Amino acid sequence: MTNLHPRLAALEKQFSASPLTRISDEALSTRRVELWIKRDDLLHPIISGNKWRKLKYALNHALYNQVDTLISMGGAYSNHLHALAFAGQQLAVKTAAFVRGERPEHLNPTLIDLQQWGMQLRFVSRSDYRQLRQYKRYDSLPDLVSGQYWLPEGGATDFASQGVADIMSEIKQQFDVLMVACGTGATLAGLITAAPHDLHLIGVSALKGGAFLNADVKQWLPHAVSHEHWQILLDYHFGGFAKNTPELRQFMRQFTAEHDVPLEPVYTGKLLFAFYDLLKQGYFQPGQRILIVHTGGLQGARE
Ligand SMILES: *Cc1c(COP(=O)(O)O)cnc(C)c1O
């Protein structure tokens with residue numbers, strides 16, 4: 001057990017449990033497959049599901065190190081920056097971020113929130129943004145001064161796995177397959193690290209050309225982890241990161257109407273689409289129990 005800093009423990013009081021929701025429909029009963037969703041989207045009204053899991057112990061580390069400013073990077077719709085800005089405001093720690101691309105004339109709802117919560121925004125070119133990806137450790141950003149703490153893209157720190165592992169420890173039932181959406185792959189890596197050996201894990205890449213994720217995920221796995229039953233599906237990106245199609249949107253509308261589980265088109269919509277596509281193809285065996293981790297992200301889908 002990690003001791004939580006008192007300010008982090010106070011922030012954690014805002015969080016709810018993340019329940020398991022059983023999904024039933026005709027496609028599932030025809031195939032005799034059980035589907036459950038781990039509802040990390042319900043953890044907190046603002047701080048998005050897996051972004052909290054990934055940030056929690058990094059924030060703890062930062063607080064114990066008397067950090068006064070958290071600095072990170074993300075796109076203009078970033079769930080990570082959104083979670084970080086709000087957490088920073090609640091923890092009375094300053095936040096700053098490099099945002100990819102030019103400053104838009106009209107700020108979108110995500111950027112407006114970031115500003116309102118006091119995050120200092122610096123818009124950087126796409127090539128400068130790519131450069132920033134090389135800095136991984138909390139102290140690795142050049143020109144950091146004392147009291148400043150760096151968080152890489154998506155909050156994919158060395159502390160991320162520990163928070164993601166909490167997802168696994170909350171699950172008391174047995175499952176055959178776990179599915180989760182991948183951006184950086186850090187969440188999948190944390191789940192693999194904490195998973196029982198007989199659980200098969202499937203990541204669904206939200207981006208086009210996600211083959212690099214295989215190497216990235218491997219690199220995050222501690223040497224002691226020998227879990228080999230995992231794979232990443234690369235063909236459910238619907239045109240690329242943050243791209244979608246009428247087919248995907250139609251699927252999401254129908255799923256949400258039928259099951260009352262909200263989805264967003266960047267990650268979780270593609271994930272559920274992939275699940276039902278595999279189901280249709282007969283990928284799962286009768287009697288199998290599938291667990292899908294709903295990583296949240298609904299703020300990014302606001303108009
Ligand atoms: C960031 C995010 C992901 C991707 O997580 P990674 O750890 O970067 O793979 C998945 N789902 C949602 C909703 C996210 O916001």
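Predicted model: local features only at pLDDT ≥ 70, side-chain atom pairs only at ≥ 80, totals over all residues.
Hi everyone, thanks for coming. Let me start with the ligand. There are 14 residues around the ligand, and those that come nearest are Lys51, Asn79, Thr184, Thr187 and Thr295. Threonine 295 is worth a look on your screens: one of its polar side-chain atoms sits 2.6 Å from a nitrogen atom of the ligand. A polar backbone atom of glycine 183 is 2.8 Å from a ligand oxygen atom, and for alanine 186 a polar backbone atom lies 3.5 Å from an oxygen atom of the ligand.

How many cavities of 30 Å³ or more does the count come to? The answer is 1, and the volume of the largest cavity is about 30 Å³. Its lining is made up of Leu59, Ala62, Leu63, Val67, Leu70, Leu91 and Val93. By class, that gives 7 nonpolar residues, with no polar and no charged ones. Helix α3, residues 49-64, contributes the most to this lining, with 3 residues.

Last stop: valine 225. You'll find valine 225 in the loop between α9 (212-220) and β9 (230-233). Is this residue buried, exposed or partly exposed? Valine 225 counts as partly exposed because its relative accessibility is 23%, and the buried class ends under 20%. Leaving aside residues up to four places away in sequence, valine 225 touches Ile192 and Thr193. Isoleucine 192 is 33 residues from valine 225 along the chain, yet their C-alpha atoms are separated by 8.3 Å.

That's my tour, folks. Happy to chat!

Note on methods:
Residues numbered from 1 in each chain as written. Heavy atoms only, no water. Helix = DSSP H or I, 4+ residues; strand = E, 2+ residues; numbered from the N terminus. Buried < 20%, exposed > 50% of the residue type's maximum accessible area, 1.4 Å probe, protein only. Contact = heavy atoms within 4.5 Å. 1 Å grid on protein atoms, 1.4 Å probe; cavity = no way out; pocket = protein on both sides within 12 Å on 5 of 7 lines; lining within 4 Å. Points joined across faces, edges and corners; volume = space filled by probe spheres on them. Nonpolar A, V, L, I, M, F, W, Y, C, P; charged D, E, K, R; others polar. Near = heavy atom within 4 Å. Polar contact = N/O pair within 3.5 Å; in protein donor to acceptor, adjacent residues only side chain to side chain.
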